[in-house]
Amino acid sequence: MPKFAMRKILFVTSEAHPLIKTGGLADVAGSLPKVLNEMGVDVRLIMPNYQAIKTTEEIYYKSTIRVNNINAHILETRLPGTKVPVWLLDCPEFFDYPGNPYVDELGKPWLNSAQRFAFFCRIVVEVAMNRGYLEWRPDIIHCNDWQTGLVPALLSLEKDLRPATIFTIHNMAYQGLFPKETRVMLNLPSRLWSSNGVEFNGMLSFIKGGIVYADRITTVSPTYANEIQTADFGYGVEGLLSYRQEYLTGIVNGIDVDQWNPQTDTNISACYDATSLHKKQLNKAALQIKYALPVDKNIPIFVLISRLVEQKGIDLLLECLPEMLNLPLQFVLLGKGDKLLEQQLFRFSKKYPEKMVVNLGYDEALAHQFEAGADIFLMPSRFEPCGLNQLYSQRYGTVPIVTRTGGLADTVVDTLPETLKNKTATGFVFNAPTVGSLMEAIKRALIVYENSKDWKQLQINGMKKDYSWNRSAKEYLALYEKL
Ligand code: ADP
């Protein structure tokens, strides 16, 4: 696509798979730039050089930038397995600690998060304005989530011609709110400090930096783009988002179809596709054996892979468990998060060892084995900007049960007589995040599961869908062109 070849895009993120990942943002940052690069776009990533970053690629020193009296080295590497250059912002005093981008090794949020990410944003501004000795002047700065929110804000103050900015919201629930004294500590220009700027109810809001000052705002599904303009999902910023709706669009995330491919997946016991679905059974048996569950191909296995937090409806699920575990099913869960939720889930698994297993941890390979071995994927989220697991599930012939919200509503088609007939049904969608609604969807799924012909059709419908990045990347390209 030579038309786009001239564009230079700097993709700004706090995490990118496989370098470092805590959630869906890393998946997007690890795959969208890769696809754009394959389409001929000159796209580069910039992110902090955390201690936990893992890579097999070489890393070179590129330059040193000084802001706020602190030196930072820019190191260059590549997104593993791709040609996408990655600039790592190396500043040991902020980033060379064990833990993840947001919490320390004990799971406590970094006390200096504001300083860490404000520093990151200032460095990005230097690179954006071609003052980073990198000999590369981007046309567009694509920022993601609150950690990058100060980039559009600071760039708006530049006198020289600046690149255009896009700010993508992956989750409105995380806003980067800090006490007002933080503004002074960060030495932020007072011109940014107003209710039309980065101030939010007397606090400093990083996310507002993106929402107020970016040339375009996107979020990760059309339904979520509408939802965040309402009080239920907007966390007090709904008015501003609504005011800027002309500049706000929703683009559903794609998935990395090379990594998540049941035909070639090296993590699973037996590879399969829509024409060899019987081999999925082998993965199911492997899962049952691994977790010492009765090996039975007729009993449906439900799985859930998630951060264990309220957003994901784990509390709803806990309320359902007494009834759910009396139904003919097995349930295997992989997750990590809220300690209280972890304990409660674990207690259930001890009470029903023949039916429920809880694996408390984060394990990428296991996530693949779960997707391959399961019949049904549970995703009872209270809200879900896009969600990825319902997409992976469909690709693996695992039928998702989801709440009608955000990206889940946009990507799962409910099973009804007419959608079964016209072969569009891909899962079970329930209307409200309530115990009653979720239980009803579980029971509906069990009824359809009994009819193996219908069930197979559901699996195939999902497996045939195209959730590759190609489609979404084209939407981003169209947006870049508008700028
Ligand atoms: P979010 O970004 O809100 O956590 P998404 O569904 O968008 O939710 O993305 C979550 C990603 O993290 C998926 O790729 C999912 O498979 C993965 N994931 C979440 N928890 C775990 C876990 N415990 N082990 C392995 N992968 C996980």
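This is a predicted model: local features need pLDDT of at least 70, side-chain atom pairs count only at pLDDT 80 or more; totals for chains, interfaces and linings use all residues.
Residues are numbered from 1 along each chain as its sequence is written, and side-chain values use heavy atoms, with hydrogens and water left out.

**Exercise 1. Trace how strand S4 pairs with S3 and with S5.**

Step 1. Strands (E, at least two residues) and helices (H or I, at least four) are DSSP runs, numbered from the N terminus. Two strands pair if DSSP finds at least two bridges between them.

Step 2. Start with S3 (residues 60-67) and S4 (residues 70-78): seven bridges join them in the antiparallel sense.

Step 3. Look at the link. The S3 and S4 hairpin has two residues between the strands, and Asn-68 there takes a positive phi near 50°.

Step 4. Now go on to S5 (residues 85-90), which pairs with S4 in the antiparallel sense over six bridges. Here Arg-78 stands opposite Pro-85 in S5.

Step 5. Check this second hairpin's turn: six residues lie between S4 and S5, and Gly-81 has a positive phi of about 75°.

**Exercise 2. Work out what joins domain 1 and domain 2, and which elements of domain 1 take part.**

Step 1. The assignment, which is automatic or from a database, gives domain 1 as 8-254 + 469-482 and domain 2 as 277-463. In the contact (heavy atoms within 4.5 Å) are 20 residues from domain 1 and 17 residues from domain 2.

Step 2. The domain centres, taken over C-alpha atoms, are 32 Å apart. The two domains bury about 1300 Å², 56% of it on carbon and sulfur atoms; buried area is the accessible area (1.4 Å probe) lost on putting two parts together, summed over both.

Step 3. Look for a salt bridge, meaning a side-chain nitrogen of Lys or Arg within 4 Å of a carboxyl oxygen of Asp or Glu. The count between the domains is one. Lys-21 forms a salt bridge with Glu-364, with 3.6 Å between the closest N and O atoms.

Step 4. Pick out the elements. On the side of domain 1 that touches domain 2, helix H2 (24-38) and helix H8 (222-227) give two or more residues. H8 gives the most, with four residues.
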